[in-house]
Amino acid sequence: MNEPILKLSGLTKVYPGGLKALDNVDLEIRKGEIFALLGPNGAGKTTLIGAVCGLVRPSGGGMEAFGLDLAHDWRAARARIGLVPQEMATDMFEKVVHAVSYSRGLFGHSPDKARIEEILRGLSLWDKRNEQIRALSGGMKRRVLIAKALAHEPDLLFLDEPTAGVDVELRRDMWQQIAAMRERGTTIILTTHYIEEAEEMADRVGIINKGRILMVDEKDAMMAQLGRTEAHIRLAQPLSELPAAMAGFPVELAEGGAELLYRGGDGTGKGRAEVAEVTKALTRAGIDYVGIDVRESSLEDIFVGLVADQQEAA
């Protein structure tokens with residue numbers, strides 16, 4: 001198995017005042033993957049990124065990137081890491097092409113007009129290359145941040161809420177750009193509030209809350225392990241108690257007995273098959289129903305459930 005491109009071991013960050021932003025985080029990122037880090041505000045996502053990118057000094061633990069110890073070989077490792085931050089941190093009066101070219105030189109790369117043009121064209125910024133950044137829309141400014149991060153051709157790219165504040169069309173366009181980056185071999189770590197981004201893009205998903213990693217797994221495996229089917233079966237006549245025919249099924253009465261609520265399955269389709277068995281059992285028992293509403297839990301449902309469980313356990 002290939003060595004991870006990034007390895008965090010017991011990473012901890014405690015701010016003055018006692019706030020523990022990172023709590024003994026262990027995490028390995030594989031070369032060439034898109035990894036989505038999900039968590040509510042204040043969960044530790046940006047602190048984790050800041051620690052790897054040299055913007056935050058950890059209180060404890062170890063970090064390795066490309067086999068290099070970030071505590072001792074930070075300069076060599078950082079030259080291969082790109083960051084798209086949440087906030088714009090550049091001269092707003094600077095022209096787009098100059099800002100992106102400067103970022104390339106900042107990491108010791110020689111000028112390469114063809115590469116800069118390729119990046120700007122790929123992000124639909126070429127026509128805006130001579131405009132001042134302050135004149136761009138919010139979505140275009142976000143693209144400039146990505147262009148600046150790509151200018152030095154990083155092997156590992158952090159995207160911290162890259163589509164925050166942009167409209168749906170721009171968000172979709174940027175998802176395509178992220179996919180193209182991965183095709184070129186860039187490993188991407190993405191933090192996002194838009195859980196559909198993780199469902200759309202990520203190979204693996206990590207869920208973080210209160211500085212702790214709650215779960216890391218392949219996206220599909222996570223859905224299979226924690227996903228559920230929920231079915232609302234509307235009955236023709238209300239029931240006062242569950243009929244014997246429902247014994248063994250994960251069902252309960254709802255809406256004052258007017259509805260049968262099924263919660264079960266495992267995210268692999270088993271739930272829908274079991275719902276079909278429930279309806280057959282109702283028919284055999286002579287119990288009529290007038291409608292069924294079936295839905296599969298999303299990654300968002302799983303995320304919300306894990307965070308809620310942690311808060312209840314705290």
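The lining of the second largest pocket comprises three nonpolar, four polar and seven charged residues, where Asp, Glu, Lys and Arg count as charged, Ala, Val, Leu, Ile, Met, Phe, Trp, Tyr, Cys and Pro as nonpolar, and the others, Gly among them, as polar. The structure is a predicted model, in which local features need pLDDT of at least 70, side-chain atom pairs count only at pLDDT 80 or more, and totals for chains, interfaces and linings use all residues. Residues are numbered from 1 along each chain as its sequence is written, and side-chain values use heavy atoms, with hydrogens and water left out.

The second largest pocket holds about 260 Å³ of space. A pocket is an open set of points on a 1 Å grid over the protein atoms alone, where a 1.4 Å probe fits, with protein on both sides within 12 Å along at least five of seven lines; lining residues have an atom within 4 Å of a point. The volume is the space filled by probe spheres set on the points. Of its 14 lining residues, Leu226, Arg228, Ser297, Asp301 and Ile302 are the closest to the centre. Helix H10 gives the most to this lining, with five residues. Helices (H or I, at least four residues) and strands (E, at least two) are DSSP runs, numbered from the N terminus.

The following elements each supply at least two residues of that lining.

| Element | Residues |
|---|---|
| Strand S11 | 229-235 |
| Strand S13 | 259-264 |
| Strand S14 | 289-296 |
| Helix H10 | 299-313 |

Elsewhere, four strands form an open sheet in the order S2-S1-S4-S5, with antiparallel pairing; two strands pair if DSSP finds at least two bridges between them. Strand S1 (residues 6-14) pairs with S2 over six bridges.
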